[in-house]
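Keep the structure in view, try each task, and then read the solution below it.

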Protein chains: 2
Amino acid sequence: MALKSTLRDRRRLQTLREIQRAALSLALRHGYDAVTTEMIAAQAGISQRTFFNYYLNKDAAIVGEAPCFDEETVAWFRASSGPLLADLLQALRQLLAGSELDRGTSQLIDRLLDTAPDLLPIFYGSLRRLRDQIAALAVTRLGEDARRDAELLAEAIAHALGDTFRIWANDDTMPADRIVDVARAKLQVLHGLLAQV
Amino acid sequence: MALKSTLRDRRRLQTLREIQRAALSLALRHGYDAVTTEMIAAQAGISQRTFFNYYLNKDAAIVGEAPCFDEETVAWFRASSGPLLADLLQALRQLLAGSELDRGTSQLIDRLLDTAPDLLPIFYGSLRRLRDQIAALAVTRLGEDARRDAELLAEAIAHALGDTFRIWANDDTMPADRIVDVARAKLQVLHGLLAQV
DNA sequence: GCACATCAATGCATAGTGTGCAATATTTGC
DNA sequence: GCAAATATTGCACACTATGCATTGATGTGC
């Protein structure tokens with residue numbers, strides 16, 4: 001039952017995207033605060049009540065659903081014995097390869113963030129799910145005692161990845177499979193900045 | 001006009017704290033979601049309307065006002081030419097020395113976070129102001145081109161500091177002036193984890 | 001100390017968010 | 001096709017948050 005099969009599921013995915021596109025275009029046109037959930041629902045052709053069946057709140061509709069490790073990747077990670085960071089980045093590569101990224105939507109998000117920097121917390125907050133998953137993977141290596149360290153590492157990785165997403169959205173020549181590499185370069189810079197400790 | 005002097009300002013500070021204490025104790029007793037702004041206002045002896053004159057929203061009342069670099073510290077940082085990270089940590093030391101930390105309140109926050117982990121984003125979000133200030137300081141050294149790197153570094157520092165706050169809240173034997181040192185140790189660990197890049 | 005400016009506290013009205021519930025429509029499995 | 005499962009919707013409601021006008025307390029200049 002892992003694969004989405006039915007018409008129902010395909011429609012659900014389509015509606016999710018339609019709502020997000022409606023939310024983004026309205027926010028770009030009128031500003032985030034001026035957009036109401038009722039406007040988004042109307043634009044997406046659904047009722048306000050149904051809007052809340054799809055997204056928990058207005059913020060979630062803007063950023064969409066975050067990607068998520070599949071069991072296969074988790075299993076690979078647990079089996080591998082390479083260096084922690086290299087394995088985490090490899091897991092992220094698989095994650096991104098699996099999820100079909102929509103550069104158009106990412107561009108809209110990026111433009112919105114440019115005009116409304118106060119939305120940045122919402123955007124980076126949407127990476128929380130991913131961050132928690134990275135942290136969970138890291139904990140399997142470092143042990144439960146090092147959970148806080150794992151979370152700190154995961155935070156840095158997720159942040160670097162978020163930055164890279166925005167670069168990718170605005171650079172049509174950059175292929176999606178280079179995202180993790182660029183993020184790794186950012187982590188290298190961070191490593192250098194921390195060297196003086 | 002830098003020093004708060006008048007009765008009015010002292011009362012304001014007192015009310016700010018009273019509201020926060022009310023919010024925290026109510027949240028610990030009934031759970032965050034079950035607490036309304038009206039309840040907090042009643043407990044603090046003010047009207048609901050006045051509550052919103054003090055805090056922008058319910059979240060802000062829980063975490064209280066974040067500390068903030070004073071001009072003196074900023075001036076020192078800009079004049080200094082030591083290693084970036086060392087200077088940032090030194091600035092944070094001055095910041096913490098200036099702000100009178102209330103371990104009791106921090107303990108309440110920590111206990112609340114234990115019972116309601118979904119409040120963690122609110123807590124770490126409250127460090128955003130501090131993170132932005134750290135990033136701004138770092139940008140004066142690294143240059144505007146490296147803003148994203150500065151922000152990534154600031155994020156890591158703020159996160160480590162937040163973790164350390166929780167440790168400090170629960171360890172009565174730990175003096176406040178060791179907070180930055182422990183945070184630095186956490187950053188050292190992060191540096192080690194990033195070494196494999 | 002008095003008069004006046006300034007700012008704080010409050011009530012009231014209102015827009016918007018988000019949830020529970022029940023009724024209705026649609027999809028799916030058989 | 002039929003019945004079970006699930007989705008959509010309307011409605012009512014509690015709560016958050018803001019604007020505005022009023023009243024009262026505080027600060028300042030004289």
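## Exercise 1: Around the DNA strands

Task: find which residues surround DNA strand C in this predicted model, and which of them are closest.

Solution. Start by counting: 18 residues surround DNA strand C, and the closest are Thr6(A), Leu7(A), Asn57(A), Ser47(B) and Thr50(B). Next, look for the elements behind this surface. Those giving two or more residues are helix H1 (7-30), helix H2 (37-44) and helix H3 (48-54) of chain A, along with helix H1 (7-30) and helix H3 (48-54) of chain B. H3(B) provides the largest share, 3 residues. Finally, sort the surface near DNA strand C by class: 4 residues are nonpolar, 8 polar and 6 charged.

Solution. At least two residues each come from H1 and H3 of chain A and from H1, helix H2 (37-44) and H3 of chain B. Here the largest share, 3 residues, belongs to H3(A). The classes near DNA strand D are 4 nonpolar, 8 polar and 6 charged.

## Exercise 2: Where the chains meet

Task: describe what rotation superposes chain A on chain B.

Solution. Begin with the general idea: two copies of a chain are related by a rotation about an axis and a shift along it. In this model, the rotation is 180° with a shift of 0.0 Å along its axis, and the RMSD is 0.0 Å. That is why the relation is one of a two-fold axis. To locate the axis, look for His191(A): of the residues of chain A, its C-alpha comes closest, at 2.8 Å. The same surface serves both copies, as 100% of the contact residues of chain A recur in chain B.

## Exercise 3: The nonpolar core

Task: find which residues have the most contacts inside the largest nonpolar core.

Solution. This core has 64 residues, and those with the most contacts inside it are Ala156(A), Ile157(A), Ala156(B) and Ile157(B). H6, helix H9 (128-142), H10 and H11 of chain A each give it two or more residues, as do helices H6 (84-98), H9 (128-142), H10 (147-170) and H11 (179-193) of chain B. Now follow one residue: leaving out residues up to four places away in sequence, Ala156(A) touches Leu187(A), Leu190(A), Leu152(B), Ala156(B) and Leu190(B).

## Exercise 4: Chain A as a whole

Task: state how many helices and strands chain A has, and why it counts as compact.

Solution. Chain A has 11 helices and 0 strands. Its radius of gyration is 18 Å, close to the 16 Å that the globule rule gives for 197 residues, so chain A is as compact as a globular protein of that length. Buried residues make up 32% of the 197 residues in chain A.

Methods. Residues are numbered from 1 along each chain as its sequence is written. Chains are lettered from A and ligands numbered from 1 in the order in which they are written. This is a predicted model: local features need pLDDT of at least 70, side-chain atom pairs count only at pLDDT 80 or more; totals for chains, interfaces and linings use all residues. A residue is near a molecule or strand if its C-beta atom, placed from the backbone, lies within 6 Å of it. Helices (H or I, at least four residues) and strands (E, at least two) are DSSP runs, numbered from the N terminus. Ala, Val, Leu, Ile, Met, Phe, Trp, Tyr, Cys and Pro count as nonpolar, Asp, Glu, Lys and Arg as charged, and the others, Gly among them, as polar. Copies are superposed by least squares on the C-alpha atoms of residues with pLDDT of at least 70 in both. Two residues are in contact if their C-beta atoms, placed from the backbone, lie within 7 Å. A nonpolar core is a set of buried Ala, Val, Leu, Ile, Met, Phe, Trp, Tyr and Cys residues joined through C-beta atoms within 7 Å. A residue is buried if 20 or more other C-beta atoms lie within 10 Å of its own, exposed if 12 or fewer, and partly exposed in between; C-beta atoms are placed from the backbone. The radius of gyration is taken over C-alpha atoms; the globule rule is 2.2 Å times the number of residues to the power 0.38.
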